[in-house]
Amino acid sequence: MSPLRLLPLVAVGWLLGVSPGWAAPALPASFIDDLEGLQQRLEAGEVQAVGERAMSQAERLAGGNAADRWARALYLQLAAGAAARR
């Protein structure tokens with residue numbers, strides 16, 4: 001992800017109480033690949049599909065470990081972006 005795309009993700013971290021000086025939990029490559037793919041699909045205009053997939057993933061990750069919760073926040077960010085574009 002480009003630094004400009006990370007800005008909203010930093011904001012999510014701030015909302016979750018994660019200091020910018022602290023590292024977020026490491027995410028598995030599969031999450032990163034999925035998140036980046038969804039971001040690309042959102043930019044391509046696949047708003048409905050991205051919103052549905054992001055919310056599905058967020059629901060699945062609820063109550064997980066720290067990495068799951070961080071990934072969930074990122075999926076919720078994507079879902080919010082999709083909702084804003086609708």
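How many Å² does the accessible surface of the protein chain come to, and what percentage of it belongs to carbon and sulfur atoms? The accessible surface comes to about 5,300 Å², and 59% of it belongs to carbon and sulfur atoms, where accessible areas come from the Shrake-Rupley method with a 1.4 Å probe and, for residues, only the protein chains shown count as cover.

## Basis of the model

This is a predicted model, in which local features need pLDDT of at least 70 and side-chain atom pairs count only at pLDDT 80 or more, while totals for chains, interfaces and linings use all residues. Residues are numbered from 1 along each chain as its sequence is written, and side-chain values use heavy atoms, with hydrogens and water left out.

## The chain as a whole

The secondary structure of the protein chain comes to 4 helices and 0 strands, and from the N terminus on the elements run α-α-α-α. Here helices (H or I, at least four residues) and strands (E, at least two) are DSSP runs, numbered from the N terminus.

Of the 86 residues of the chain, 30% count as buried, a word that means under 20% relative accessible area, with exposed meaning over 50% and partly exposed lying in between (1.4 Å probe, protein chains only). Among the contacts with a separation of 6 or more, 70% are accounted for by residues 24 or more positions apart, contact meaning heavy atoms within 4.5 Å.

## The aromatic pair

A search of the whole structure finds 1 aromatic pair. The ring centres of Phe-31 and Tyr-75 are 6.4 Å apart and the planes stand at 85°, so the pair is edge-to-face. Rings of Phe, Tyr and Trp (its six-membered ring) pair if their centres lie within 6.5 Å, and planes under 30 degrees apart count as stacked, over 60 as edge-to-face and the rest as tilted. Because Phe-31 lies in helix 2 and Tyr-75 in helix 4 (residues 66-85), the pair ties together parts that are 44 residues apart in sequence.

Phe-31 is buried, with a relative accessible area of 9%, and Tyr-75 also counts as buried, at 0% relative accessibility. Leaving aside neighbours within four places in sequence, Phe-31 is in contact with Arg-60, Leu-61, Asp-68, Ala-71 and Tyr-75. From C-alpha to C-alpha, Phe-31 and Asp-68 are 9.2 Å apart in space, although 37 residues apart in sequence.

## Asp-34 in helix 2

Asp-34 has its place in helix 2 (residues 29-43) and counts as buried at 18% relative accessibility. Not counting residues up to four places away in sequence, Asp-34 touches Arg-53, Gln-57 and Tyr-75. The side chains of Asp-34 and Gln-57 are joined by a polar contact of 3.5 Å, that is, a pair of N or O atoms within 3.5 Å; within protein, one must be able to donate a hydrogen and the other to accept it, and residues adjacent in sequence count only if both atoms are side-chain atoms.

## Helix 3 and its buried face

The buried residues of helix 3 are Val-47, Val-50, Gly-51, Ala-54, Gln-57, Ala-58 and Leu-61. Seen down the axis of helix 3, these residues fall within an arc of 140°, so they line one face of the helix, the arc being that of the directions from the helix axis to the C-beta atoms. The buried residues of helix 3 pack against helix 2 and helix 4, whereas the face turned away from the buried side carries the exposed residues Glu-59 and Arg-60. Just after helix 3, Gly-63 takes a positive phi of about 80°.
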